[in-house]
Each structure stands twice: as C-alpha cells, then as structure tokens.
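Student: I have a structure to look at and some terms to learn. Could we go through them one at a time?

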2 protein chains.
Amino acid sequence: MNAGAHDGRQQDPRPGPVPARARIEDVAAAAGVSMKTVSRVLNNEPGVREATRLRVREAVAALNYRPDPSARSLAGNRSYLVALLYDNPSPNYLMEVVTGVVDACEAHHYGMVMQPVAHRAPGCVEAVDALLSGARLDGLILTPPLTDSDALLDRLDQRGIPFACISPYKREGRIGVTLDEHDAVCELVAHLVALGHRRIGHVRGHPDHGASEWRLAGYRTALRRAGLRYDPELVVPGEFSFDSGLESGRRLLSLQPRPTAIFAANDDMAAGVMRAASEMGLRVPAEVSVCGFDNTPIAKHIFPQLTTVQQPTRDMAQVATMQLLAAIRDRGAGSMVHMPYALQLRDSTGPAPPD
Amino acid sequence: MNAGAHDGRQQDPRPGPVPARARIEDVAAAAGVSMKTVSRVLNNEPGVREATRLRVREAVAALNYRPDPSARSLAGNRSYLVALLYDNPSPNYLMEVVTGVVDACEAHHYGMVMQPVAHRAPGCVEAVDALLSGARLDGLILTPPLTDSDALLDRLDQRGIPFACISPYKREGRIGVTLDEHDAVCELVAHLVALGHRRIGHVRGHPDHGASEWRLAGYRTALRRAGLRYDPELVVPGEFSFDSGLESGRRLLSLQPRPTAIFAANDDMAAGVMRAASEMGLRVPAEVSVCGFDNTPIAKHIFPQLTTVQQPTRDMAQVATMQLLAAIRDRGAGSMVHMPYALQLRDSTGPAPPD
DNA sequence: CTGTTAGCGCCTTCAG
DNA sequence: CTGAAGGCGCTAACAG
C-alpha cells in the first residue's frame with residue numbers, strides 16, 4: 001500500500017534511487033528564510049523583498065521543489081481543480097471546449113476533470129450535489145444544455161460554488177461567454193434572402209438547448225425584416241444530430257411547393273439535410289440551398305462544402321475558463337463575455353432556382 | 001479568500017445555511033466508535049464487526065458525510081485521480097475514450113483529468129515529469145501515439161507510476177488493451193479480394209502510430225495469402241486526417257492502371273479518398289471500392305456508407321482503466337487485454353469492375 | 001517586510 | 001476486533 005518513499009528523511013547518505021521529494025521546510029532552510037516566506041513567494045503574494053524572492057526561487061530550482069497539491073489543498077481549502085460538466089454534446093464541439101479549458105487551466109496550474117451529467121435523468125441535481133461534496137472542486141464549467149437547466153443552476157448558486165457557462169440561454173447575472181446567435185442567424189438567413197430565396201425552411205435544434213431558441217428567433221427576425229411571412233409548416237423539429245437532420249430534411253423537401261433553402265440549426269443536421277436532398281435527387285445548391293451553424297469539421301468534409309457560421313468554440317471555452325478562474329480568485333470577479341462570430345459562405349448555398 | 005464556512009464547529013444551533021460539513025470525528029461520535037473504526041469501514045478494510053460496520057454506515061448516511069479528498073490524499077499518499085494523456089487524436093476517438101475512462105473511474109470513485117501531451121515537442125518527457133511532480137496522480141492512461149513513444153514509456157517506468165496503454169504497438173510487459181488490428185485488416189482486405197479486386201491500394205496511417213504498422217502488415221499478409229504481389233506504388237503515406245486521405249486518394253486514383261479498391265488506414269482518410277473519387281468522377285463502389293478502419297460516425301454520414309472495422313473504443317478504454325485501477329490497488333496486478341473487432345460491411349465496397 | 005504557531009481532516013502505527 | 005496519539009506538507013492568523 002505504501003510506496004516506501006516516505007521515511008527517508010536524512011538518514012540515507014547515498015544518492016538513492018528515490019530522491020525524497022523536497023518539502024517547503026527544506027527550501028526554507030536552503031534559502032535561509034522561514035517556511036512562510038517560501039510560501040509567499042510560491043503564491044506570488046506581496047510582502048517579500050525582491051532579493052529574498054530571488055533567493056527563494058533559486059532554492060526551489062536547486063532542490064527541484066514542487067509543492068504537494070494535497071497538502072496545499074487541505075491547508076488552503078482549495079483544490080486547483082475545476083470540472084467540465086457536459087451532457088452528450090457532439091464530440092467535435094466538446095473536444096474544442098476541452099482544448100480551450102485545458103489551455104486556460106494550464107496557464108494557471110489548474111487541472112480539469114471531466115464530468116458527464118445526464119441533465120434529463122431524475123437524480124441529476126443530486127448527482128452534481130454529491131460530486132461537489134465528494135470532490136474538492138474550485139469551480140465548474142458548464143456546457144449546453146446544462147447551462148439552461150434552472151434546477152441545476154439554482155443548486156449551484158445555493159451551494160455557492162463558482163461556475164462559468166458557455167453559451168447559456170439566459171446571460172444576466174451569470175459569468176461565462178456567449179455569442180450573438182440571434183444576429184448570426186439573422187445575417188445568415190439574410191444572405192439566403194439576398195440570393196433570392198423566399199421559401200426558407202428551418203430545422204430546429206434540440207429543444208433542451210437555449211441555442212435552439214436563439215437560432216429560431218434569428219430566423220424569424222430575418223424573415224420579418226425581409227417582409228416574408230413566417231410559415232410554421234417550414235419549421236420542423238430536430239435534435240442537433242445527423243439523423244434528425246436527415247429525417248427533417250426529407251420532410252421539408254417533400255413539401256409542395258418545396259422550400260428552396262433550408263437553414264439547419266447546426267452543421268450535423270445540415271449534413272443530414274444534404275443527404276436527404278441527395279436521396280431525393282435534388283442538387284445542392286442548384287435546386288436547394290442548405291446552411292448550418294458551428295463550422296465543425298463536417299462542414300468541410302461534405303460535398304458541396306457547407307455555408308455556416310463560424311463559432312470560435314475553443315476561444316470561447318478559454319475565455320469562460322479565465323472568467324471562472326477570476327471568480328475563484330475573488331468572488332465578485334468574472335463576467336459574461338461576448339464573442340464575435342463570422343459567416344462562412346461556401347458552396348452549399350446559391351441563387352434561388354427560377355420558378 | 002476564506003469562504004467563512006469554517007469555524008462553525010458547534011456553536012451555531014440554528015439550521016444555518018452552511019451545514020458545516022461533517023468530519024470523520026463527528027461520524028465516530030454519532031456511531032459511538034473511534035475515528036479509526038470509521039476509517040476502516042469507509043475503506044472496506046477488514047477487522048470490524050458487522051454490527052459496528054452497519055452502525056457506522058448509518059451514521060455516515062445520517063450526517064451525509066463525505067471524506068475530504070485532500071485530507072485523504074495527504075494522509076494516504078494517493079489522490080484518487082488518474083490522468084488521460086493524449087496527443088491530438090480525432091475528436092471522435094478521444095471522446096469515446098473519455099467516456100470509457102470516466103465510466104470506469106466513476107465506479108471506483110476516481111476522477112479523471114485531461115492532459116494533452118505534444119509527443120513530438122522537445123521537452124515532452126520533461127513536461128510529463130513535471131506533471132507527475134506537480135499533481136498527485138495515482139496513474140495514467142495513454143492513447144496512441146503516446147503509447148508508442150519509448151522515451152516516454154521508459155520515463156514512466158522509471159518513475160514507477162502505474163499506467164495503462166490503449167492500443168500500443170508493443171504489448172509485452174505492459175498493461176492495457178489491444179485489438180488485433182493485423183487480423184482485422186487481413187479480413188477486410190480478404191473481403192476485397194473475395195469481391196474480385198486485384199489492384200488494392202493502401203493509404204497508410206500516421207507514421208508515429210504503431211497502429212499504422214499493424215494495419216500495413218495486415219494488408220500485406222492478406223495480399224500474400226491471396227497470392228497477390230505487394231506493389232509499393234499502391235501504398236501511399238497518410239496522417240489519419242481527411243485531408244491526407246484526399247490527397248493520397250487523388251494520387252492513387254491517378255495511377256495507370258488504377259487500383260479498383262483502396263483500404264485507408266482509418267475512416268477519416270477513407271472519407272477523403274471517397275471525395276477524391278467523386279472529384280474525379282469515379283463512382284463508389286461501381287468503379288472503385290473504398291474501406292476504412294474504426295467505424296467512427298463519419299462512416300455512416302458519408303455516401304455511400306463506409307465499409308470499415310468496428311473497434312469498441314469505449315469498451316477498450318473502460319477495460320484499460322480497470323486494469324490501471326487494479327494495478328494501482330496492487331502493483332503487479334493488471335494485464336494486457338485483447339478485445340474483439342467486427343467487420344462492418346456497408347455500401348462503399350462492391351465487386352471489382354470488369355476489365 | 002518577515003517569522004511563529006496552529007491546525008486543515010484523514011490515515012498509520014502501535015497498543016490494548 | 002478496537003482505540004489513542006502523531007504526523008502527512010502546507011497555509012492562515014497573528015505577532016513582531
């Protein structure tokens with residue numbers, strides 16, 4: 001059970017295979033200061049003369065000293081660990097998020113643990129509660145659709161743990177990061193309108209995601225601004241999955257008259273719509289234009305390449321994490337940051353076919 | 001800096017908003033036993049009468065007691081944390097791995113931290129070394145290509161930290177999980193041969209991945225068994241990416257005479273090959289058959305759907321993690337487990353075209 | 001600006 | 001089978 005690298009204080013003169021990890025006490029002795037001063041230097045606290053600071057740093061380097069996270073955690077009442085809570089989003093999206101979060105964490109010597117959370121499951125809130133009790137976490141990052149679960153957010157507020165939301169539906173009073181999805185979709189659909197499209201279908205996102213609402217709202221705004229009537233028949237449900245896009249695509253493309261363009265609420269579904277078009281012998285974009293949202297890799301891997309909205313997911317995750325770390329450092333810090341989007345016009349959209 | 005939920009030992013009679021987390025001492029008092037006995041029960045150690053055990057468990061439940069991981073870690077010299085080391089694999093693959101690892105971890109009350117490692121970077125081994133010093137990790141999970149970096153593996157051995165490998169090239173003396181990729185590819189290529197193909201191209205995997213070797217070897221074995229000559233011209237490099245598949249596909253399909261079938265070392269590259277075929281006006285599978293490896297989602301999302309090898313990545317990750325946890329529990333435990341594969345025959349492969 | 005003194009909450013040893 | 005004492009390595013509070 002015990003690794004044995006333990007009792008070897010100073011009774012072993014030979015350069016044994018186990019260099020007996022230096023402790024803060026050793027560093028203090030080597031630098032000729034007190035433990036607390038070493039601690040101050042390590043944590044970049046003020047109140048240490050520059051010369052002393054340097055001497056301590058040298059001793060740290062010489063002894064190859066690394067503070068023990070467990071001890072730090074126990075004494076300092078924090079873990080240097082944040083958790084990424086997620087619920088079954090697309091792998092591409094989640095990996096972008098992971099990369100962004102980890103990047104930000106590394107810079108601040110934080111670790112990130114992955115924590116799946118089934119937001120529809122009955123005991124979801126309790127499960128998160130147990131997690132918070134069972135692991136010393138300094139903060140949480142939430143991804144959609146967890147960002148839109150009021151029960152969960154309320155509980156987290158109640159427990160007082162700092163958390164950041166990536167792309168939540170409600171932004172007020174939260175910290176994290178958002179992108180103006182309404183405006184982005186609005187521009188995208190306006191682009192379709194400019195190409196001459198008048199019957200524009202929409203495959204909605206997963207009903208649990210606030211993003212689905214924003215995207216639908218953007219679609220409606222664009223129609224209204226273009227003086228087009230909102231036709232409920234042209235709006236069909238989806239779940240952000242390829243298969244749901246395929247099914248909804250079949251449905252939309254069977255309507256009479258057929259829509260000449262379809263905006264799917266994400267790229268996976270847009271790919272499904274394109275497959276539906278292909279099944280029905282419809283050419284994209286000659287007979288039907290298709291566009292998506294997110295600019296995931298699939299957008300470039302399908303043919304023709306997909307017109308979509310570029311969302312800087314990785315940067316968003318990084319920014320959200322920085323906000324979280326700020327809030328961990330001092331409660332009250334951290335805010336909701338807005339990120340820019342960019343239309344990616346590619347080959348899946350083109351002029352509306354003549355009547 | 002201080003949350004304030006701290007000093008409230010027992011001087012606050014009202015049911016305040018901060019229930020002052022129970023400590024092991026409280027549980028001991030409630031159960032009428034010593035702290036050590038509680039500890040024994042919590043860690044499932046022997047030497048406690050069944051009745052006592054029950055009483056303790058009741059007290060734990062009543063007080064909603066959760067041991068503090070930091071304290072446990074400090075005193076017990078372990079962290080209940082493992083890290084997943086990865087280097088830029090495909091998001092789909094990695095997320096499957098994450099899911100499997102997390103599943104196995106949850107069951108054993110372990111947490112998993114994500115740790116990207118740039119295996120080509122100069123200071124890679126040192127970076128991992130620093131990681132091991134800076135975070136108390138009980139063990140590591142390695143994914144390809146880290147599993148094939150001798151420098152890294154040697155250092156880990158030297159530090160004596162337990163680790164499990166997922167799909168390493170060399171299996172002897174390691175713990176983890178593998179799949180017989182050689183045999184799988186052999187069967188896949190034999191399937192092409194059975195369809196009448198005689199000129200079969202191969203897009204290789206990333207040169208740093210041992211899997212690329214196994215897959216090439218399987219290809220060669222299948223050719224040999226079929227009495228076909230190995231033609232180096234038909235084997236082109238790749239990097240496991242869509243783009244590399246596209247490029248290599250163009251190259252292979254420009255050869256005269258053209259191969260009638262192409263085995264790409266993974267699905268992403270196979271999708272690239274199919275795109276190359278489509279660019280050149282070649283129909284799949286009528287004029288050229290294409291197959292891949294992994295059975296990632298893209299295999300079903302492209303048209304026609306891809307013939308490939310199903311690899312139970314999630315289960316593999318889970319099994320590897322269980323082996324790791326066993327090795328953590330007692331050094332010497334844990335082994336290399338072989339997992340089954342299954343051919344997925346779909347629409348991208350068909351009879352060889354007549355000459 | 002710096003040092004001293006007490007724990008953080010648990011586990012380990014050794015005694016009963 | 002059970003308990004009491006001590007320490008894991010660090011930081012918070014308070015002195016100086």
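Student: Against which helices do the buried residues of α2(B) pack?

Tutor: The buried residues of α2(B) pack against α1 (24-31) and α3 (50-63) of chain B. Contact here means heavy atoms within 4.5 Å. Before going on, note that this is a predicted model, in which local features need pLDDT of at least 70, side-chain atom pairs count only at pLDDT 80 or more, and totals for chains, interfaces and linings use all residues. Residues are numbered from 1 along each chain as its sequence is written, chains are lettered from A and ligands numbered from 1 in the order in which they are written, and side-chain values use heavy atoms, with hydrogens and water left out.

Student: Which residues of helix α2 of chain B are buried?

Tutor: In helix α2 (residues 35-42) of chain B, the residues B:Thr37, B:Val38, B:Ser39 and B:Val41 are buried. Buried means under 20% relative accessible area, exposed over 50%, and partly exposed in between (1.4 Å probe, protein chains only). Helices (H or I, at least four residues) and strands (E, at least two) are DSSP runs, numbered from the N terminus.

Student: Why are α2(B) and α3(B) called roughly perpendicular?

Tutor: Their axes come within 10 Å and cross at roughly 90 degrees. Angles under 35 degrees count as roughly parallel, over 145 as roughly antiparallel, 65 to 115 as roughly perpendicular and the rest as oblique. The two helices are therefore roughly perpendicular to each other. The axes are lines fitted to C-alpha atoms, for helices over the stretch in contact, and angles run from 0 to 180 degrees between N-to-C directions.

Student: Why are α1(A) and α3(A) called oblique?

Tutor: The axes of helix α1 (residues 24-31) and helix α3 (residues 50-63) of chain A come within 9 Å and cross at roughly 125 degrees. That angle falls among the rest in the list of classes, so α1(A) and α3(A) are oblique to each other.

Student: Which residues meet in the contact of α1(A) with α3(A)?

Tutor: A:Asp26, A:Val27, A:Ala30 and A:Ala31 in α1(A) meet A:Arg55, A:Val56, A:Ala59, A:Val60 and A:Leu63 in α3(A). By class they divide into seven nonpolar, no polar and two charged.

Student: What makes A:Asp157 and A:Arg174 a salt bridge?

Tutor: A salt bridge is a side-chain nitrogen of Lys or Arg within 4 Å of a carboxyl oxygen of Asp or Glu. The closest N and O atoms of A:Asp157 and A:Arg174 are 2.7 Å apart, so the pair qualifies. A:Asp157 is in helix α7 (residues 150-159) of chain A, and A:Arg174 is in the loop between β4 (163-166) and β5 (175-179), 17 residues apart.

Student: Is A:Arg174 buried or exposed?

Tutor: A:Arg174 counts as buried, because its relative accessibility is 16%. A:Asp157, at 40%, is partly exposed.

Student: How do you know that A:Arg229 and A:Asp231 form a salt bridge?

Tutor: The distance from N to O is 3.7 Å, so this pair also meets the cut-off. A:Arg229 is exposed at 64% relative accessible area, whereas A:Asp231 is buried at 12%.

Student: How many salt bridges are found over all chains?

Tutor: A search of the whole structure finds 35.

Student: What makes the phi of B:Tyr80 worth a remark?

Tutor: Most residues other than glycine have a negative phi, and most peptide bonds are trans. The phi of B:Tyr80 is positive, near 60 degrees. B:Tyr80 lies in the loop between α4 (69-76) and β1 (81-86) of chain B, and is buried at 15% relative accessible area.

Student: Which peptide bond has an omega of about 0 degrees?

Tutor: The bond that joins B:Pro144 and B:Pro145 is cis, with omega about 0 degrees. B:Pro145 is in the loop between β3 (139-142) and α7 (150-159) of chain B.

Terms used. Nonpolar A, V, L, I, M, F, W, Y, C, P; charged D, E, K, R; others polar.
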